[in-house]
Each structure stands twice: as C-alpha cells, then as structure tokens.
Amino acid sequence: AVSTFENAGTVRKSGGAETSSIEAMFHNTGTVEVQSGTLSLSQGGTSDGSFMAGIGTVLDFHGGVHTLEASSQVSGTGQTLFSGGTTEVGGSYAVAGETAITGGTVNFSSGTPITTGALTLWGTSTGGTLTGSDTVTVTGITTWTGGTMTGSGQTVAQGGMEIGDGNYKYLDGRTLINEETATMTGTLTHRYLGLRNGALLRNEVGATFDFQSDAYFHYHAGA
C-alpha cells in the first residue's frame, strides 16, 4: 500500500536548488510553500489547504491523482507544473507566475474563474492535457508546442500566443480566444494544430493571428 503524509501545518522547501520529492500520498489541509528549487508531489492525494510557489521555484504535481477540493488555494509567482498523473482543481487557482502542463491531465472544473500569468503546453509524445468546464484566463503569453486543450470551458489568451513545433497539438471541443498577437511557426512534422469535435478558435477584434511559416490547421475526426 502507498504510504501517506498528512500535513495540517506548514510544509516548506526553503533550501536546495534542485528537487525534493514526496513519494507518498500527500493530503494537505495546511500550507505548502516552495521558496527554493522544486517540490515534487508524485503519489496524489486529497487537499483543501493552500499551495504557493515563490518566484524562481517550481511546484510539481508529478503523478497519482490529486484532488484539490473547493476550499483549496493555488497561488504564487513561480511555476506550477503538471508533469504527470491527474489533477482535479476544484478550488481557487490564481497563479501570478506560469502554469506549465507537460504530461498527465489537469481538470479545471471549480465553477470559479481560473487565472495564470503565463501558460505553457509542451511535452514528449502527445504532451499534457488541459481540460474542464472553467474559463482559464492567461494574462501573459500562452506557449503551445504540444499537448491538448479540451473540455467544455474556454481558454482566453489575453497576452497572445506562440504556437510552434514540438509535438502533436489538439484543440478538442474547447474554445480558445486570442485577444492579442498570436504567432504560428514551425517547419517540422508537427507544425499543425489539429481541430476536433467542434473546437472553436476565435481571434478577437483588434487581435492578430500571424502564420509565420507554412504551419496550418488540420481537421481531425469528430463532429
């Protein structure tokens, strides 16, 4: 059986430039603070406490099934990374720094607005998946080189987008709204963006979508 770490106080990473891992089920009803390096949570858990990554640090939901309940809070000026497993975000998510989705799935279905200072989707093979019914608003740049955006919600790129080479990229049934300048580049096999299942990409009034290479949109099977 998987062992468990229950935190009702404060878990803090205050030193070391590399990675500290919690390779146990992690239930957080208190506070998690990343002040240095990377803190990796690799076995899932259920939490209604707070998580915060400081500038220049990484909070990594690395594996297992993480359930962040309605009273949970994720914030910070660092990087919140979803690199594996499944994370269900049911509480507050207001990250001033970067949200990076490189593997696994993150489901934003809290019923409240989701905000992040930057959004990055990339990874080997098919990359990670952003899904859920919430509106995810990105105030800075959205960088997309691999992975999938799906679910019934919207992703609003207020700071523009950079869509480039890397791996397969799919907009699957989701609405993606560009409000600034979006660039699409790439010369390799994966230079396309696949559109599936009634996906909608909307370029708002005053926004620009610039094909800077022979990149293209590609229709995939679905409604």
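The structure is a predicted model. The protein contains zero helices and 29 strands. With a radius of gyration of 17 Å, close to the 17 Å that the globule rule gives for 223 residues, the protein is as compact as a globular protein of that length.

**Overall dimensions and surface**

- Taken along the principal axes, the box filled by the C-alpha atoms of the protein is roughly 50 × 35 × 35 Å.
- Buried residues make up 51% of the 223 residues of the protein.
- The protein has an accessible surface of about 9300 Å², and carbon and sulfur atoms contribute 49% of that area.
- Among contacts in the protein with a separation of 6 or more, 26% are between residues 24 or more positions apart.

**The nine-stranded sheet**

- Nine strands form an open sheet with parallel pairing, in the order β7-β10-β13-β15-β17-β20-β23-β26-β29.
- At the edges of this sheet stand β7 (45-47) and β29 (216-219), each of which pairs on one side only.
- From one strand to the next, the twist averages 15 degrees.
- Within the order given above, β20 (residues 147-150) pairs with β23 (residues 169-172) in the parallel sense, over four bridges.
- Threonine 148 is placed opposite tyrosine 170, a residue of β23.

- Strand β2 (residues 10-13) is joined to strand β5 (residues 31-34) by four bridges in the parallel sense, and threonine 10 has threonine 31 of β5 as its bridge partner.
- Strand β5 also runs parallel to strand β8 (residues 50-53), with four bridges between them; here threonine 31 is partnered by serine 50 of β8.
- Strand β8 in turn runs parallel to β11, again over four bridges, and the bridge partner of serine 50 in β11 is glutamine 73.
- Strand β11 pairs with strand β14 (residues 92-101) in the parallel sense through four bridges, where glutamine 73 has serine 92 of β14 as its partner.
- The two faces of strand β11 (residues 73-76) are covered and uncovered respectively: Val74 and Gly76 belong to the covered face, while Gln73 and Ser75 belong to the uncovered one.

**Threonine 155, a buried strand residue**

- Threonine 155 is part of strand β21, which spans residues 154-157.
- Because its relative accessible area is 0%, under the 20% limit, threonine 155 counts as buried.

**Asparagine 197, a loop residue with positive phi**

- Asparagine 197 is located in the loop between β26 (192-196) and β27 (200-203).
- The phi angle of asparagine 197 is positive, at about 55 degrees, although this residue is not a glycine.
- The relative accessibility of asparagine 197 is 37%, so this residue counts as partly exposed, a class that lies between the limits of 20% and 50%.

Key:
Residues numbered from 1 in each chain as written. Predicted model: local features only at pLDDT ≥ 70, side-chain atom pairs only at ≥ 80, totals over all residues. Heavy atoms only, no water. Pairing = 2+ DSSP bridges. Axes fitted to C-alpha atoms, helices over the stretch in contact; angles between N-to-C directions. Buried < 20%, exposed > 50% of the residue type's maximum accessible area, 1.4 Å probe, protein only. Rg over C-alpha atoms; globule rule 2.2 N^0.38 Å. Contact = heavy atoms within 4.5 Å. Areas by Shrake-Rupley, 256 points an atom, 1.4 Å probe, with all protein chains shown as cover.
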